Amino acid sequence: MRVAVFSAKRHDVDFLGAANARHGHELAFLEPRLTLETASLADGFPVVCPFVNDEVGEPVVERLADRGTRMLALRSAGFTHVDVKAAARRGIAVTHVPAYSPYAVAEHAVALLLALDRKIHRAYVRVREGNFALDGLLGSGLHGRTVGVVGTGAIGRAFARIVLGFGCRVLAFDPMPNDALRGEGVRYVDIDELLQTSDVVSLHCPLTPATHHLIDARAVATMKPGAFLINTSRGGLVDTAAVVEGLKSERIGALGLDVYEEEAGLFFEDLSARIILDDVLMRLLTFPNVLITAHQGFFTEEALREIAETTLANITAFERGDPLPDPVPAG
Ligand code: NAI
């Protein structure tokens, strides 16, 4: 099938291209992000393949439907950027990649945590300048500390198991507790107890109306003073302004982000020679105890292979009229 792949980067060409040898679709790799302005690039393509920061709200869905698109094959797990109801109304099938290497994101969350605790981001720059002093690089260590995991799905479980291996005490909050994890020593508590008692809070729940700004000013005030906050899930889980205040008051001891509420149009782009207008992001970057990566949690070879294969398998099933392996729930 003819597939318009939006927000295409080098790795999309490489991994989707390699997996497509088994599927034989006609892939058009389009660099622009999908927006109402760029949607015309998909005119006549029955399948559109968006990524996480593409805009697939109702106006874009309507525009695509008017010009012949019949399937949205998301190459991401998350689908909150898509108006699934509008797509259903227009008879557009929507699939996603519900599961791929949860270890990729879990390990990235741990990488942020270890780097922040041992100040690796600062040590790296210092040593390169010939500054071998240890002042300001004191870590607190993770063994014996309490780590709170919000959301114990595939990624949260992988994260919890890694930190259990470090000798951490692990608390979790999830409306659907996991018995296996309980058996491994994780204690489920309510969100307030988790925030009050955790030295590290790591977010692994999806972004929904119920979790939007889960970490707001009240949550920051509830957190244990000096606690670390790690968000590799979705930017909208965190009220960034409240977290900036929490960093200024030192209530938050360190912040590791792989996602940011206003990341669309910034993350995945090289803006190093441009003026960045997002004052909140730029303020965050001035804190020595903040480490930000630009949505790279999923970015491992294993994960990219799985994402490419699942995305194309969904398209192949659609082409054959078979039941779709990974439809996005319409509700
Ligand atoms: P999952 O669906 O396996 O697990 C999500 C868990 O969150 C479930 O156990 C669910 O019960 C729980 N949950 C739902 N509402 C909750 C609430 N209000 N409070 C606490 N827990 C709640 O999802 P998975 O694969 O573990 O992914 C988690 C998130 O990671 C995704 O939603 C996505 O936003 C993010 N992600 C980030 C990536 C990155 O590159 N940084 C890549 C892939 C996913």
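The talk below goes through the sheet, the helices on it and the aromatic rings.

Modeller: This is a predicted model, in which local features need pLDDT of at least 70 and side-chain atom pairs count only at pLDDT 80 or more, while totals for chains, interfaces and linings use all residues. Residues are numbered from 1 along each chain as its sequence is written, and side-chain values use heavy atoms, with hydrogens and water left out.

Biologist: What makes strand 7 and strand 8 a pair?

Modeller: Two strands pair if DSSP finds at least two bridges between them. Strand 7 (residues 169-173) and strand 8 have two bridges, in the parallel sense. Leu171 has Arg187 in strand 8 as its bridge partner. Strands here are DSSP runs of E with at least two residues, helices are runs of H or I with at least four, and both are numbered from the N terminus.

Biologist: What is the order of the strands in the open sheet?

Modeller: The seven strands run 8-7-6-9-10-11-12, with parallel pairing.

Biologist: Which strands does helix 4 touch?

Modeller: Helix 4 (residues 102-118) packs on the sheet and touches strand 9 (200-203), strand 10 (227-231), strand 11 (252-257) and strand 12. Contact means heavy atoms within 4.5 Å.

Biologist: Why is the pair of Phe51 and Phe268 called tilted?

Modeller: Rings of Phe, Tyr and Trp (its six-membered ring) pair if their centres lie within 6.5 Å; planes under 30 degrees apart count as stacked, over 60 as edge-to-face and the rest as tilted. The centres of Phe51 and Phe268 are 5.4 Å apart and their planes are at 50 degrees, so the pair is tilted. These two residues are 217 residues apart in the chain.

Biologist: Is Phe51 called buried or exposed, and why?

Modeller: Buried means under 20% relative accessible area, exposed over 50%, and partly exposed in between (1.4 Å probe, protein chains only). Phe51 has 12%, so the word is buried. Phe268 has 25% and therefore counts as partly exposed.

Biologist: Why is the pair of Tyr260 and Phe267 called tilted?

Modeller: Their ring centres are 6.5 Å apart and their planes are at 35 degrees, so this pair is tilted. Tyr260, at 4% relative accessibility, counts as buried, and Phe267 is buried at 6%.

Key: Axes are lines fitted to C-alpha atoms, for helices over the stretch in contact, and angles run from 0 to 180 degrees between N-to-C directions.
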